[in-house]
Amino acid sequence: MATVPIVYVANEDVGTLIKGIVAKKKRGNVRKSANQLAKAFAETKEDAYSLTSKPPKKKNEQNTGTKRSVQDESDKELLSVVGAVELFDENVSQCGTQVYSFKTPKRNAQMTKFAEESAMKVRMKQREKETEEECQSSQADNTNRKTRLSEKRIKAKHHLRGNVHSISTESESSDEKFSSSDEEIYAEQASNNETKCNKTSLRSSNRLQLPTGRELYFDAHDGEKESHSRQCKTSDRTLQKLKNPRMAPEELSRALLKHRDKSQKVESIQAIESAQKKLSETYRQCYKKWMFYLCNNFNILLHGLGSKKDLIHAFCSDKLAAQNKLVVNGFFPALSIKSILTHICDEIIKVPHTQNPEDQLEILQQYFGKESSSQESLFLVIHNIDGISLRNSRTQSILSHLAELPHVHIIASIDHINAALIWDQAKLSRFHWLWYDVTNYASYDEETSYEGSLLLTGAGPGMGSHGAALALSGLVHVARSLTSNARGVFRILTEHELEDNDDADTVKEDFSFTDLYQKCRELFLVNSELTLRAHLTEFLDHKLIQIRKGPDGGEYLSVPLDHSTLRDYLEQHETH
Amino acid sequence: MEDIAASSISKGCFFIPGNAKSSTIQASDHFDDCGVKPQLRWKMAQKIWNEIEDSISNLHIEIQEKLFNDLVQYIKLAQEKQYEKNDLSRGKRTEIPTAALITGVNMTDHVTLFSQLYTKIKEDVSSYVAILEAKNCSNMKSLMRALGDQLLNVCEDNEKDGTTNNDLLVYMKKKSTPLTISMLEKWYFKSIATKFLQTSPSKKRKLINEIPNPPIIVICQQLEAFSPKVLQEFILMCSFHAQRLPIVFVFGIATSWSDVSQRLLPHSAIVHLSVERFHAPSASSHLALIIDRILLTSQHPFKLSGKCFQLILDVFLCHDFSIANFLHTLKFCVMEHFYEQSASIACCASLQESIDMICNLKKNELKEFKKIESMKRHLASLKADKQKCIKDGTKFKALVAKLLEDLHQFHNFYFSALRSLHAFTATLPHYPMGKQIRELYCSCFRTELTKHDGFQQAFTILKVSSRDQLIERLESCLKPLQLSELSSDSSQDELHFSTACSRIKYLINSLKSIGENDEVEMNENTEDREEQLETVKYAYQLQERLRAKAEKKRVKKMTKYEKLREEALTFLRKFYEYHLRKVKSFPLYEVFYFDSSATIRRHIVAAPRLSIQTALSDPYQYLQVASLETAASGVIPSNAPDICVAYKLHNESGNIINLYDWLMAFQTVVTSQREDKENEHEESDDVDDITQARFIKAVSELQFLGFIKPTKKKTDHVQRLTWSHT
């Protein structure tokens with residue numbers, strides 16, 4: 001257990017002292033306060049970031065050449081100094097830390113705190129405005145109350161965390177509440193955070209205490225404990241605390257609709273929406289250019305934040321109405337390269353397609369590879385070429401070979417941050433991408449609908465309890481289509497599975513086929529082994545059971561689903 | 001309509017047939033509508049690009065021709081030699097002739113190189129050619145299959161009516177048949193026998209004389225990618241049959257032969273090869289040739305600005321080493337130039353064409369020229385009386401024509417002068433003007449030569465050069481000038497090429513002649529010493545005179561050679577400074593130069609990751625709404641897009657994130673604005689449906705973008721995937 005020396009210091013010195021302690025703590029990897037670390041990083045590594053940086057003012061992209069040349073002119077001097085590599089990053093006006101943040105992540109309630117601070121700042125700004133309007137006395141009351149509220153909230157949260165550290169923090173902050181020199185503390189906090197809110201009048205800040213300064217001290221020491229376990233601590237609270245821990249998809253969409261209606265009245269959100277619209281408008285102006293480059297055997301790749309689906313659709317209906325096109329939803333989980341190629345073969349060439357994708361590719365290469373200009377073109381519209389099902393290198397290689405053909409044109413989009421890694425040099429040189437940044441902040445409604453979201457019921461596969469939710473709905477769905485006998489068989493299986501689970505010490509045994517048959521016969525569910533097998537095949541097809549060969553050569557059955565899901569299923573099923 | 005059609009929960013592909021009868025597309029239909037004569041510009045763009053492409057492909061052929069001829073010659077000779085040897089010594093042929101083609105690391109362009117080689121060999125030597133690729137040859141069986149398939153297909157045309165070996169062929173063609181080399185051998189002899197039978201007797205004799213047995217050429221593309229075991233087995237197997245089967249190997253090697261012989265192939269395999277090495281031109285030297293012969297000439301009117309040029313060079317040198325990609329980027333630049341720059345209408349190869357083009361322009365089309373940045377600057381610098389003429393259409397036309405003429409004049413000599421200067425300074429120590437001519441081009445584009453450090457340095461070094469060196473350098477710098485001297489018309493200007501050439505020639509001659517009587521000159525100089533100091537009234541006059549005299553003496557003291565050197569250097573300096581003026585100082589240079597490196601960077605070497613991160617962490621960059629301005633400084637505006645709020649909060653956490661806490665924090669931020677609502681009083685941690693829904697959406701979007709993923713480490717936690725420390 002580390003000992004903490006106790007020193008009495010004047011309030012104004014607290015900040016420097018804390019900084020000193022924090023800076024001193026160099027054990028293994030250097031541990032500094034969030035800001036310091038970020039700053040240090042910015043200084044040392046700025047060059048590294050600038051490699052990937054590019055001009056931030058995307059807005060001007062569509063502007064006329066004149067503006068651009070002005071911009072370039074200004075970089076010219078820069079260029080004469082910098083080396084070859086840095087050519088990539090002229091116009092850098094942002095430092096890396098602004099884009100890629102490197103806050104030390106080890107602190108406990110960092111996120112909550114950050115949110116509180118941020119919210120507080122926003123409120124403070126508002127309040128500043130209010131002061132000008134409202135009369136002094138009522139305003140003071142107002143802030144008083146609000147401060148108390150926010151303090152309570154912070155305290156409440158710290159209580160919940162329930163570790164020693166938060167108690168000490170609390171006592172510290174309650175100390176602060178009674179201390180007379182709050183002004184200094186506030187000032188110190190403000191400077192620590194480098195906020196822009198410095199202009200906030202001190203009077204209103206009198207009542208505001210954010211546990212930043214001293215918490216920083218305790219956090220620094222708290223880090224010792226953490227480093228022993230090498231584990232990042234998070235609170236143990238779960239979503240069960242919510243009154244509605246898992247939302248159904250319908251509820252979600254309803255709530256979002258409500259939100260949309262509501263936000264139409266809020267001015268600040270409207271401003272953002274109109275800005276988004278303006279962005280989309282500017283992108284729409286490049287349709288002609290995209291088409292031009294597509295015709296010149298370049299392929300268009302769209303990147304940037306926001307769903308590009310609408311943008312591409314508008315492009316298709318605007319420019320490609322007369323063309324043959326194949327729309328591919330790359331985010332669709334069950335997509336395969338074979339289905340894409342089969343579609344092309346079926347619909348356009350109308351040849352009986354072969355089994356092997358490579359053979360199909362060969363046919364397509366012959367068909368679209370002709371030099372004649374009379375050959376009709378095919379436009380491949382691929383939403384999310386980086387989609388899960390298209391990510392493997394074989395698929396991308398086949399796509400790149402398609403892209404190379406003179407009569408196949410591709411317009412695609414990427415969203416994943418590591419999307420560019422799916423192409424190696426050879427593939428890239430076949431694709432001939434022209435990249436367009438079309439950041440538009442549109443929501444990824446359809447793209448994420450296939451994805452198992454974390455907080456929804458009935459979400460996608462393979463995500464722990466959330467996957468289980470999907471499994472449950474799948475289970476219910478399958479069960480509905482079964483005969484009552486088959487349902488009975490499945491119930492026997494599930495009950496067996498759950499029984500096993502109850503005494504966790506014993507080694508879990510799978511149900512042998514003969515046992516099951518015996519049980520089923522007893523309950524008059526099946527009359528022969530054959531019917532039982534027929535039922536089981538159905539379950540197998542839906543991946544509801546697993547069969548494996550035991551050591552004695554017999555077949556053993558198990559249900560590969562979560563026990564909670566099974567329990568839920570049984571409960572639901574009882575009600576039917 | 002499409003939107004509905006193209007989304008389904010059971011399908012990922014949707015075919016939408018075109019509704020027009022003829023669905024061929026024309027790029028010209030999609031060229032920019034606005035600006036000056038778009039259709040004409042598009043035609044010019046095509047013409048210029050085709051010209052550049054043609055000259056580059058000619059260069060390609062020229063470079064590769066020698067290599068291919070050498071290779072083909074080797075293969076032919078190897079075959080004949082073997083047979084001679086066999087006849088003489090009756091020894092068994094066990095060595096396989098092998099051509100090691102060392103290609104360098106430029107992977108992407110090699111496929112074309114090998115396919116060209118393939119066709120060349122097929123035409124010139126033998127139709128029995130196969131290209132093996134590593135991906136098809138993971139084991140011996142698949143290698144034989146790949147080899148067999150190609151050989152059998154190749155010779156199918158020859159044996160359309162050949163029924164003799166039909167059974168064997170059919171059997172061998174089955175995919176499942178494991179091919180052996182003895183089967184191939186049997187088939188090979190049958191196949192040449194049928195060929196022999198089919199040819200007429202007169203031809204027969206000829207055939208016997210020429211090639212006894214056409215060789216089987218096996219090309220292994222990128223040898224390093226093959227598995228050593230398979231390769232070794234294959235070589236050994238071929239060597240057993242080498243006495244009967246005339247196999248020749250061509251190995252494409254990216255590294256070096258010593259690397260292959262030490263690492264890839266064991267000694268037991270190498271002894272069966274008789275290797276001859278061939279070097280393909282390296283990618284960078286190839287590019288240097290392209291730049292030298294095609295880009296840095298006045299032959300094509302389209303030119304790249306120094307910065308763009310350097311950028312695509314950097315992409316080439318630091319990124320992919322691919323000539324094909326380089327050309328693609330170049331094509332993009334040409335297209336972009338003609339698409340965006342309406343003044344590019346005047347970008348013609350000859351002056352007359354440009355002027356004709358200007359004359360045909362209407363008044364509003366001419367206005368486009370006034371919008372050009374360099375033109376604006378030029379117009380602003382004109383005197384007031386001349387400014388009036390801008391308003392007048394015809395006078396303005398004349399002005400533009402005059403400026404274009406200046407540019408053309410300038411270009412006529414620019415590249416020769418550049419080459420000359422490069423030749424003049426290329427041998428200096430430390431290369432003050434750069435090793436390659438492209439470096440010189442880039443620096444001349446952006447700075448005035450007089451301000452160029454390297455230029456000053458170079459002339460300082462030259463000032464102390466010896467006579468032989470100087471003569472050598474002068475001769476080398478004369479060569480490029482003489483080439484263009486012939487084409488240019490004569491003029492009286494001192495700095496004009498023809499006069500300059502004769503001047504340099506004269507200087508060289510006199511430099512050569514002074515060698516012997518250098519000493520005599522020295523003596524002559526001493527005569528002037530007899531000047532007397534006149535009596536002067538004031539001391540300062542004396543001082544001045546003495547100083548002047550000392551100066552004079554210093555000059556006088558120079559040998560004749562030194563004087564000549566001084567003369568030559570001052571002349572050349574003046575000459576280069578005149579001809580290599582900064583391109584940017586010319587008005588209307590934008591007509592010919594593509595100068596938007598930002599466009600290239602944005603569309604060719606984009607940074608998709610940065611754009612997403614920027615959009616998330618600093619939405620103000622994209623959405624110019626005043627309230628978002630604070631986002632960069634650590635405050636989260638409550639009206640920021642939800643995904644930005646969630647992202648900013650997630651930045652504060654460690655490598656795993658508690659969803660509940662995250663949601664609470666999210667709520668705090670989102671509701672911070674609505675403080676005057678009553679629900680503040682309740683102060684409950686209950687989250688309303690809307691906030692929760694927004695949070696869910698934001699989180700699943702972040703997951704879609706790859707920032708987080710669900711984890712089972714702890715219930716209701718997600719794992720952070722970017723920038724977390726552990």
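**Exercise 1. In which helix of chain B is the place of Lys648(B), and is Lys648(B) buried or exposed?**

This is a predicted model, in which local features need pLDDT of at least 70 and side-chain atom pairs count only at pLDDT 80 or more, while totals for chains, interfaces and linings use all residues. Residues are numbered from 1 along each chain as its sequence is written, chains are lettered from A and ligands numbered from 1 in the order in which they are written, and side-chain values use heavy atoms, with hydrogens and water left out.

Solution. Step one: Lys648(B) belongs to helix H28 of chain B, residues 642-650 (helices, H or I, of at least four residues and strands, E, of at least two are DSSP runs, numbered from the N terminus). Step two: Lys648(B) has a relative accessible area of 12% and is therefore buried (buried means under 20% relative accessible area, exposed over 50%, and partly exposed in between, with a 1.4 Å probe and protein chains only). Step three: the side chain of Lys648(B) reaches the backbone oxygen of Ser617(B) at 3.2 Å.

**Exercise 2. Describe the salt bridge between Asp415(A) and Lys308(A) and the surroundings of its partners.**

Solution. Step one: the closest N and O atoms of Asp415(A) and Lys308(A) are 2.7 Å apart, and a salt bridge is a side-chain nitrogen of Lys or Arg within 4 Å of a carboxyl oxygen of Asp or Glu. Step two: the pair links distant parts of the chain, 107 residues apart, with Asp415(A) in the loop between strand S6 (408-413) and helix H18 (425-431) of chain A, and Lys308(A) in the loop between strand S3 (299-303) and helix H14 (309-319) of chain A. Step three: Asp415(A) counts as buried because its relative accessibility is 1%, and Lys308(A), at 1% relative accessibility, also counts as buried.

**Exercise 3. Carry out the analysis for Glu358(A) and Arg394(A), then for Arg145(B) and Asp149(B).**

Solution. Step one: Glu358(A) forms a salt bridge with Arg394(A), whose closest N and O atoms are 3.2 Å apart; the partners lie 36 residues apart, Glu358(A) in helix H16 (residues 357-368) and Arg394(A) in helix H17 (residues 393-404) of chain A. Step two: Glu358(A), with a relative accessible area of 33%, is partly exposed, and Arg394(A), at 42% relative accessibility, counts as partly exposed. Step three: in the salt bridge of Arg145(B) with Asp149(B) the closest N and O atoms are 2.9 Å apart, and both residues lie in helix H4 (residues 140-154) of chain B, four residues apart, about one turn of the helix.

Key
Polar contact = N/O pair within 3.5 Å; in protein donor to acceptor, adjacent residues only side chain to side chain.
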